[in-house]
Amino acid sequence: MPAPTALLQPTAAPEVVPAAITEQQDELLVDMQDANPAEPNAAAQPAPTDDTEMAIDEEGRPRFAPGKDIDPVRRAETRKIPIPPNRMSALKSNCYPPLVDHCKLQVRMNIKEKRVELRSSKYTTSNDSLQMGADFVSAFAMGFDIDDAIALLRLDSLYIQSFDVKDVRQTLGTDAMGRAIGRIAGKDGKTKYAIENATKTRIVLAGSRVHILGAFENIGMARESIVSLVLGAQPGKVYNNLRIIASRMKERF
């Protein structure tokens, strides 16, 4: 037994015996060596998923999945339509239901500046609703009836065309202007009604301005009849032309 005051000698560290390579590790090394050296990332490539696969038809063209329906971001747009003073009171009680219920627009009546302000909202379903609402208000401001103006909202084939009597004949005097407008209207409005019924249009006489509402071809026929009356044609000849036009339109339908 060594003395307690004797120097302690360092003990030798235990020898580490290398572990024997198992058969599984041998197989793993063999698999790594058999990999193609030209493709270093071959072993690291992930398994193909459905997102990376591309379907190809018989002719070799790719087939893509249908796109997802995404609601577009709508931006609020506004329209400001001036209204004549004589149509403001009639517009107050008639304009709100068609614009709010049918077009889903926000409407504000600006009494001070005599105009109607329209704005689209998140409830507006069509991109054309704002323009259709502006056309409706403009038609009513021109003098058309509320039923005729509502037809602009329901039918896409209706248009409005306006022209001045002075554009047809620029040498009209003060009295000649009144006579030309009287020839267009006729006695008790018979001539105007005859043109409307034959061409299936609506006509408004506002001073020297003439507004025509209808289909594109019908507006052209009504305008030809009005121009003929302004230039001095006899009403009887205009009526005969209207009868021919009405018979042709019946043959079409």
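## Basis of the description

The model is predicted, and local features need pLDDT of at least 70, while side-chain atom pairs count only at pLDDT 80 or more and totals for chains, interfaces and linings use all residues. Residues are numbered from 1 along each chain as its sequence is written, and side-chain values use heavy atoms, with hydrogens and water left out.

## Overall make-up

The protein contains ten helices and eight strands, where helices (H or I, at least four residues) and strands (E, at least two) are DSSP runs numbered from the N terminus. Of its 253 residues, 29% are buried; buried means under 20% relative accessible area, exposed means over 50%, and partly exposed lies in between, with a 1.4 Å probe and protein chains only.

Among contacts (heavy atoms within 4.5 Å) between residues at least 6 apart in sequence, 56% join residues at least 24 apart.

## Helices α4 and α5

Two packed helices are described by the angle between their axes and the distance between the axes. For helix α4 (residues 129-142) and helix α5 (residues 146-154), the axes come within 9 Å and cross at roughly 160°; axes here are lines fitted to C-alpha atoms, for helices over the stretch in contact, and angles run from 0 to 180 degrees between N-to-C directions. The helices α4 and α5 are therefore roughly antiparallel to each other, a class for angles over 145 degrees, with under 35 counted as roughly parallel, 65 to 115 as roughly perpendicular and the rest as oblique.

From α4, the residues Met 132, Gly 133, Asp 135, Phe 136, Ala 139 and Phe 140 meet Ile 146, Ala 149, Ile 150, Leu 152 and Leu 153 of α5. By class, this contact has nine nonpolar residues, one polar and one charged, where Ala, Val, Leu, Ile, Met, Phe, Trp, Tyr, Cys and Pro count as nonpolar, Asp, Glu, Lys and Arg as charged, and the others, Gly among them, as polar.

## Helices α8 and α9

Helix α8 (residues 190-199) packs against helix α9 (residues 216-230) at an angle of about 155°, with the axes 9 Å apart, and the two are therefore roughly antiparallel to each other. Their contact is made by Thr 191, Ile 195 and Thr 199 of α8 together with Asn 218, Met 221, Ala 222, Ser 225, Ile 226 and Leu 229 of α9. These residues divide into five nonpolar, four polar and no charged.

Within α8, the residues Thr 191, Lys 192, Ile 195, Glu 196, Ala 198 and Thr 199 are buried. The C-alpha atom of Ala 198 is separated by 8.8 Å from that of Ser 247, 49 residues apart along the chain. Ser 247 is found in helix α10 (residues 235-252) and is partly exposed, with a relative accessible area of 35%.

## Residues with positive phi

Most residues other than glycine have a negative phi. Lys 104, however, has a positive phi of about 60° although it is not a glycine; Lys 104 is placed in the loop between α3 (96-102) and β4 (105-110) and counts as partly exposed at 38% relative accessibility.

Asp 188, in the loop between α7 (174-185) and α8, likewise has a positive phi, near 55°, and at 65% relative accessibility Asp 188 counts as exposed. Just after α8, Lys 200 takes a positive phi of about 55°.
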